[in-house]
Amino acid sequence: MPYTRRRPDLPITSCAAEPASEDGVLAFDVFRGAAPMGRHVLRFTSGSDGVLMVDVAIDLAVSLGPITVFRYTYRNLERWRDGRLIAIATTTDDDGTRFTVDGRADGDRFIVDGGAGRVEAPAGILPTSYWHPETTQRRLWLDTQRGRLITPQIVPLGSVERPAPDDGTIDARGFAVSGDLTMTLWYRRLEPRWLGVAFDGRGRAVTYRLARDTAPSAAWLAAAGI
């Protein structure tokens, strides 16, 4: 599967070395305007130690004919236990500009080392991976690319229909995000499962379209304490 291929100069964040079972995948095709740009894939894995691991891979590129004029590669491994983010490690190559973020739970804090230096976040901080059911309910996020804390302004947009992988549609709710980040997020209307995002990509709209959803349900996550 080409969207999971990792560049040799980026750390591998595979969970395969631990006794675990994959619980699901959330995958998106990404478009810039009408042109395919790449893929964004999240893999959910339960470890034998009660840790939920979320492995995120983003591979995007913009080409003019045979020449690639922009490339974005991102890797993120999150570890969750008892409803709390206990560790995160990300690497980003934003068209040649590199970022790394490492974070870990420490008592009633979450300590982050990244481009913003060392940052202390509350224990219940949510990262900007957007899959968590409470994402749009929170007003403090951890920017997983730069390691900074951001305070989004979130406004519900009401009900919309989003394309489904089988070419049908899914009833969804939209949320406008502004402030440190500007975007539109979509979640399923009947349960807060992430359906995608749209934002400006250097003058053209970048839009996610759901390609596969076997990710854990909101009920499964609640039973796991997430």
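Student: In this predicted model, which residue in S14 stands opposite Arg173?

Tutor: Arg173 stands opposite Tyr187 in S14, and the two strands concerned are S13, residues 169-178, and S14, residues 183-188.

Student: How do you know that S13 and S14 count as a pair?

Tutor: Two strands pair if there are at least two bridges between them; S13 and S14 have 6 bridges, in the antiparallel sense, so by that cut-off they are a pair. In their hairpin there are 4 residues between the strands, and Gly179 takes a positive phi near 105 degrees.

Student: What makes S14 and S15 a pair?

Tutor: The cut-off is again at least two bridges, and 4 bridges join S14 to S15, which run antiparallel, so this pairing also meets the definition. Thr184 has Ala198 in S15 as its bridge partner, and the hairpin that S14 and S15 form has 5 residues between them.

Student: Which strands give two or more residues to the lining of the largest pocket?

Tutor: The lining is made up of 30 residues, with Tyr72, Asp94, Gln145, Leu181 and Phe199 nearest the centre of the pocket. The elements giving two or more of the lining residues are S2, S3, S4, S15 and S16, and the volume of this pocket is about 860 Å³.

Methods: Residues numbered from 1 in each chain as written. Predicted model: local features only at pLDDT ≥ 70, side-chain atom pairs only at ≥ 80, totals over all residues. Heavy atoms only, no water. 1 Å grid on protein atoms, 1.4 Å probe; cavity = no way out; pocket = protein on both sides within 12 Å on 5 of 7 lines; lining within 4 Å. Points joined across faces, edges and corners; volume = space filled by probe spheres on them.
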